[in-house]
Amino acid sequence: MERQTGQGRSSGVLLSNRPVFASSDLDEVRGEVAKVFCPHRLNLAGHENLLSARLNSVELGSVRVSYLDYGGDVHIEPGELGTFFLVMIPLAGRSLIRAGDREIVSTPALAALPSPTRHLDMRWAAGCPQLIVKFERASVERSLEQLLGEPLTDPLVFDLGVDLTTGWTRSWRDMADLLVREGERDDGLTGHPLAIAHLENALVSLLLTMQPSNYRERLTAPRQAALPKVVRRAMEFVEGHAHLPLTTADIAGAVAVSGRSLQEGFRAHLGLTPMAYLRRVRLAKVHEELTAADPARATVTTVAARWGFLHQGRFAAQYRERYGLPPSETLRRGPASGG
């Protein structure tokens with residue numbers, strides 16, 4: 001049976017093709033969940049016969065997406081997560097989340113984002129299955145250091161509650177749902193690490209720049225624009241490394257400026273963001289491949305995905321705007337199509 005959340009999304013069982021376990025044995029449930037996340041205390045808050053737990057989970061790159069439902073009322077106490085961040089989204093029902101000195105009632109409209117250095121204590125009510133997105137702490141903090149252009153002085157701590165009704169969080173949830181859908185497909189993006197890396201980078205960057213944290217003020221503070229010479233070096237780096245899962249922070253690190261400075265430099269001198277310039281370079285790479293490809297062996301979808309274009313409709317529109325014809329026409333013409 002599927003239920004509808006307050007956000008109009010289905011709360012049916014997710015990732016059913018990626019089962020980890022289904023059990024009513026408390027010790028087994030505790031042990032199996034610990035393997036995917038971390039050791040924790042788990043106790044029933046109601047009658048034992050109400051426990052009917054299920055965990056489905058898949059790793060996509062360095063991100064893990066999971067569907068977890070305990071069936072009954074449970075008390076979960078992991079303590080400090082230590083090595084990872086979680087975004088926990090109830091698909092129905094509610095859960096009480098305490099992290100350090102903060103407490104929220106999490107619902108389908110309010111996700112929880114516990115930070116690794118805050119003691120975590122939770123009570124999930126019966127009928128509260130959750131979509132959980134797990135990010136490695138080292139990866140998130142490395143991205144933050146690259147955006148800042150300097151080492152962290154304190155552990156990163158996000159605000160606990162994530163309002164899923166705002167514009168940026170709706171976009172974030174759409175990308176998380178895309179990860180789930182790809183995890184549910186055997187022929188999805190799991191074979192395209194560049195595309196998965198793009199999604200991960202977008203998810204982490206949105207959290208760092210939009211979700212309140214103890215570093216958000218420093219991230220949004222005005223910085224001096226990069227000099228044209230630095231912008232030129234950044235452009236050369238992008239052109240030589242467009243096949244890699246680059247972020248603004250990666251490009252900034254390669255030319256020894258902060259991500260904020262590079263953003264302002266690109267806007268001032270090119271009228272583009274670094275990611276828009278990277279997209280333009282990759283679009284040119286797709287055009288080159290389609291122009292040279294054998295239409296009997298290549299497909300537009302495969303070539304586009306190899307260069308990180310996931311949304312075919314949007315990609316086709318961008319391609320037509322740049323080259324004046326649909327990508328399928330370029331491929332159909334073959335090597336004779338020219339530039």
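Two strands pair if DSSP finds at least two bridges between them. Helices (H or I, at least four residues) and strands (E, at least two) are DSSP runs, numbered from the N terminus. The model is predicted, so local features need pLDDT of at least 70 and side-chain atom pairs count only at pLDDT 80 or more, while totals for chains, interfaces and linings use all residues. Residues are numbered from 1 along each chain as its sequence is written, and side-chain values use heavy atoms, with hydrogens and water left out.

**The open sheet**

- An open sheet is formed by 5 strands in the order β2-β5-β10-β7-β8, with antiparallel pairing.
- Its edge strands are β2 (41–44) and β8, each of which pairs on one side only.
- Direction ignored, neighbouring strands of this sheet are turned by 10° against each other on average; the axes are lines fitted to C-alpha atoms, for helices over the stretch in contact, and angles run from 0 to 180 degrees between N-to-C directions.
- Strands β7 (residues 95–99) and β8 (residues 102–106) run antiparallel and are joined by 5 bridges, with S95 opposite S106 in β8.
- The hairpin of β7 and β8 has 2 residues between the strands, and G100 in the turn has a positive phi of about 65°.

**The nonpolar cores**

- A nonpolar core is a set of buried Ala, Val, Leu, Ile, Met, Phe, Trp, Tyr and Cys residues joined through side-chain atoms within 4.5 Å.
- Buried means under 20% relative accessible area, exposed over 50%, and partly exposed in between (1.4 Å probe, protein chains only).
- The largest nonpolar core has 38 residues, of which V87, F135, W172 and L208 touch the most other members.
- Elements giving two or more residues to this core include β3 (53–60), β6 (84–90), β11 (130–136), α3 (167–183) and α4 (193–210).
- Leaving aside neighbours within four places in sequence, W172 is in contact (heavy atoms within 4.5 Å) with V87, I89, V133, F135, L203, L206 and L207.
- Another core, of 31 residues, lies apart from the largest one and has V230, V231, A304 and W307 among its members.

**G183 in helix α3**

- G183 lies in helix α3 and is buried, with a relative accessible area of 0%.
- Not counting residues up to four places away in sequence, G183 touches L15, N17, R18, V58 and L60.
- From G183 to A195 is 12 residues in sequence and 13 Å in space, C-alpha to C-alpha.
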